[in-house]
Amino acid sequence: MTQLFLAHTLADADFAARLGRELEASGYRAALMPTGLPPESPRYARAVDDGVLGSEALVLVWSAAAARDDWAERAWLTAGRLRKSILILTLDSTALPPTLALAHVA
């Protein structure tokens, strides 16, 4: 079963949870950003890195909130360094930064 890591912000968490359930109903395993850990915890950073590392692809829930979120950026940069596929799901018309625009084309 293919494992996907869903990178999202707290503002988009409800959407990401629904998406995760839909993906699992379609036969994927979906891991979400860590819950129950404060983002300032070193364990939070490790959980994000491990989520990306343990997945075959990253699904980035992109929005205005994601454009300002350090953790979403960490997830997509880590996925890029690991040469993981990055699938971008846009929730609004917020422009992608150049590093993501390139990933989006691939």
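The model is predicted, so local features need pLDDT of at least 70 and side-chain atom pairs count only at pLDDT 80 or more, while totals for chains, interfaces and linings use all residues. Residues are numbered from 1 along each chain as its sequence is written, and side-chain values use heavy atoms, leaving out hydrogens and water.

**Exercise 1. Work out the order of the strands in the sheet and find the edges.**

Step 1: Strands (E, at least two residues) and helices (H or I, at least four) are DSSP runs, numbered from the N terminus. Two strands pair if DSSP finds at least two bridges between them.

Step 2: Look at strand 3 (residues 57-62). Four bridges join it to strand 1 (residues 3-7), and the two run parallel. Phenylalanine 5 has leucine 58 as its bridge partner there.

Step 3: Now go to strand 4 (residues 85-90), which pairs with strand 3 in the parallel sense over six bridges. Leucine 58 sits opposite isoleucine 86, and valine 61 sits opposite leucine 89.

Step 4: The open sheet has four strands in the order 2-1-3-4, with parallel pairing. Its edge strands are strand 2 (29-32) and strand 4, each pairing on one side only.

**Exercise 2. Decide whether strand 3 is buried or exposed.**

Step 1: Set the cut-offs. Buried means under 20% relative accessible area, exposed means over 50%, and partly exposed is in between (1.4 Å probe, protein chains only).

Step 2: Check each face of strand 3. Ala57, Val59 and Val61 are buried on one side, and Leu58, Leu60 and Trp62 are buried on the other.

Step 3: Conclude. Six of the six residues are buried, so strand 3 is largely enclosed by the rest of the structure.

**Exercise 3. Find the aromatic pairs and say how the rings are arranged.**

Step 1: Apply the rule. Rings of Phe, Tyr and Trp (its six-membered ring) pair if their centres lie within 6.5 Å; planes under 30 degrees apart count as stacked, over 60 as edge-to-face and the rest as tilted. That gives two aromatic pairs.

Step 2: Take tyrosine 44 and tryptophan 71. Their centres are 4.8 Å apart and their planes are at 65 degrees, so this pair is edge-to-face. It links helix 2 (residues 42-53) to helix 4 (residues 70-81), across 27 residues of chain. Tyrosine 44 is buried, at 8% relative accessible area.

Step 3: Move to tryptophan 62 and tryptophan 76. This pair is also edge-to-face, with 5.7 Å centre to centre and 70 degrees between the planes. Tryptophan 62 belongs to strand 3 and tryptophan 76 to helix 4, 14 residues apart. Both of these tryptophans are buried.

**Exercise 4. Describe the surroundings of serine 55.**

Step 1: Serine 55 lies in the loop between helix 2 and strand 3, and it is buried, with a relative accessible area of 2%.

Step 2: List its contacts (heavy atoms within 4.5 Å). Leaving aside neighbours within four places in sequence, serine 55 touches Gln3, Leu4, Phe5 and Lys84.

Step 3: The C-alpha atoms of serine 55 and lysine 84 are 8.3 Å apart, though 29 residues separate the two along the chain.
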